[in-house]
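The report starts with them and then turns to the chain as a whole.

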Amino acid sequence: MLETILIVPCYNEARRFQPPLFIDFVDRHPDCGFLLVNDGSRDQTRDLLQQVAAARPKSCFALSLERNQGKAEAVRQGMLAAREHKPAFAGFWDADLATPLDTVPEFIALLKQRPELRLVMGSRVRLLGRQVERRASRHYVGRCLATIISLILGLPVYDTQCGAKLFRCDHAWEQAFAEPFISRWLFDVEILARYQQAARKALLPPLERCIYESPLQTWHEIGQSHLGLKDGPRVLLALARIWWTY
Ligand SMILES: Nc1nc2c(ncn2[C@@H]2O[C@H](COP(=O)(O)OP(=O)(O)O)[C@@H](O)[C@H]2O)c(=O)[nH]1
Ligand SMILES: [Mg+2]
């Protein structure tokens with residue numbers, strides 16, 4: 001039985017994806033497994049993911065979507081597939097390992113030590129003595145976006161967009177991934193909005209008490225971001241749609 005399953009959404013990741021890091025991780029952490037989702041890639045991603053699954057068939061699984069559907073749907077499909085394994089915890093982790101896998105056990109420990117927590121999210125806070133490295137432009141654009149998101153959600157959250165999140169597999173988690181998301185890149189915001197709806201119906205405690213942002217020790221920006229300044233209007237429009245919908 002796998003206690004923890006991590007969904008890794010992969011789109012054209014043949015150059016960045018490093019099979020040995022994933023295999024080594026499950027060898028050191030036999031309670032953990034990966035569900036690797038190929039999101040309609042046009043390179044060798046699918047084969048690479050299948051190689052990992054073949055190398056560790058008890059803990060690594062590959063899922064392949066025919067056509068590219070975006071990170072939100074890739075993660076959602078992974079979560080739906082993960083439910084079959086009945087894990088205690090399920091999360092998603094960016095394939096570039098901008099957040100190192102060694103952070104996973106920290107997140108698991110938090111969920112175990114504090115039963116009230118439903119979700120642990122990585123938070124890219126630049127503090128002295130840590131290695132949280134982003135280009136300055138990306139840092140400031142990201143901080144502006146994060147502030148707007150926090151205002152829209154009415155929640156004092158610092159970093160919704162970090163690609164490292166681990167959920168307790170409860171009813172709220174099932175509900176959060178039951179329906180497709182309306183945005184491709186801001187689905188993290190939608191997840192929080194869905195948790196907030198659950199809290200409003202008293203199905204969850206207030207989110208300030210059951211979601212924990214864990215400041216990362218290490219986060220390295222790897223490669224180009226898919227969002228740039230030119231996407232500003234599109235991002236704001238997507239946020240407006242999310243605000244309207246939820
Ligand atoms: N660009 C892109 N990434 C996707 C897609 N579907 C899944 N992903 C995955 O989403 C994760 C985050 O992507 P990344 O390129 O690191 O974006 P970042 O948020 O700018 O760092 C990676 O694991 C990607 O492989 C997609 O349609 N487009
Ligand atoms: Mg990245």
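In this predicted model, ring pairs join Phe92, Phe167, Phe177, Phe181, Phe187 and Tyr195 into a cluster. Across the whole structure, a search finds 10 aromatic pairs. The rings of Phe92 and Phe187 have centres 5.4 Å apart and planes at 40°, so this pair is tilted. Phe92 belongs to strand S4 (residues 89–93) and Phe187 to helix H7 (residues 187–200), so the pair ties together parts that are 95 residues apart in sequence.

A second pair is formed by Phe167 and Phe177: the ring centres lie 5.3 Å apart and the planes stand at 85°, so the pair is edge-to-face. Phe167 sits in strand S7 (residues 164–168), while Phe177 is in the loop between helix H6 (171–176) and H7; the parts tied together are 10 residues apart in sequence.

| Residue | Relative accessible area | State |
|---|---|---|
| Phe92 | 0% | buried |
| Phe187 | 1% | buried |
| Phe167 | 0% | buried |
| Phe177 | 2% | buried |

Now the chain as a whole. Its secondary structure consists of 9 helices and 9 strands. For 246 residues, a compact globule would have a radius of gyration near 18 Å, and the value of 17 Å for the chain agrees with this. Buried residues account for 50% of the 246 residues. Of the contacts with a separation of 6 or more, 80% are between residues 24 or more positions apart. The chain exposes about 12300 Å², of which carbon and sulfur atoms supply 55%.

Key:
Residues are numbered from 1 along each chain as its sequence is written. Chains are lettered from A and ligands numbered from 1 in the order in which they are written. This is a predicted model: local features need pLDDT of at least 70, side-chain atom pairs count only at pLDDT 80 or more; totals for chains, interfaces and linings use all residues. Side-chain values use heavy atoms; hydrogens and water are left out. Helices (H or I, at least four residues) and strands (E, at least two) are DSSP runs, numbered from the N terminus. The radius of gyration is taken over C-alpha atoms; the globule rule is 2.2 Å times the number of residues to the power 0.38. Buried means under 20% relative accessible area, exposed over 50%, partly exposed in between (1.4 Å probe, protein chains only). Contact means heavy atoms within 4.5 Å. Accessible areas come from the Shrake-Rupley method with a 1.4 Å probe; for residues, only the protein chains shown count as cover. Rings of Phe, Tyr and Trp (its six-membered ring) pair if their centres lie within 6.5 Å; planes under 30 degrees apart count as stacked, over 60 as edge-to-face and the rest as tilted.
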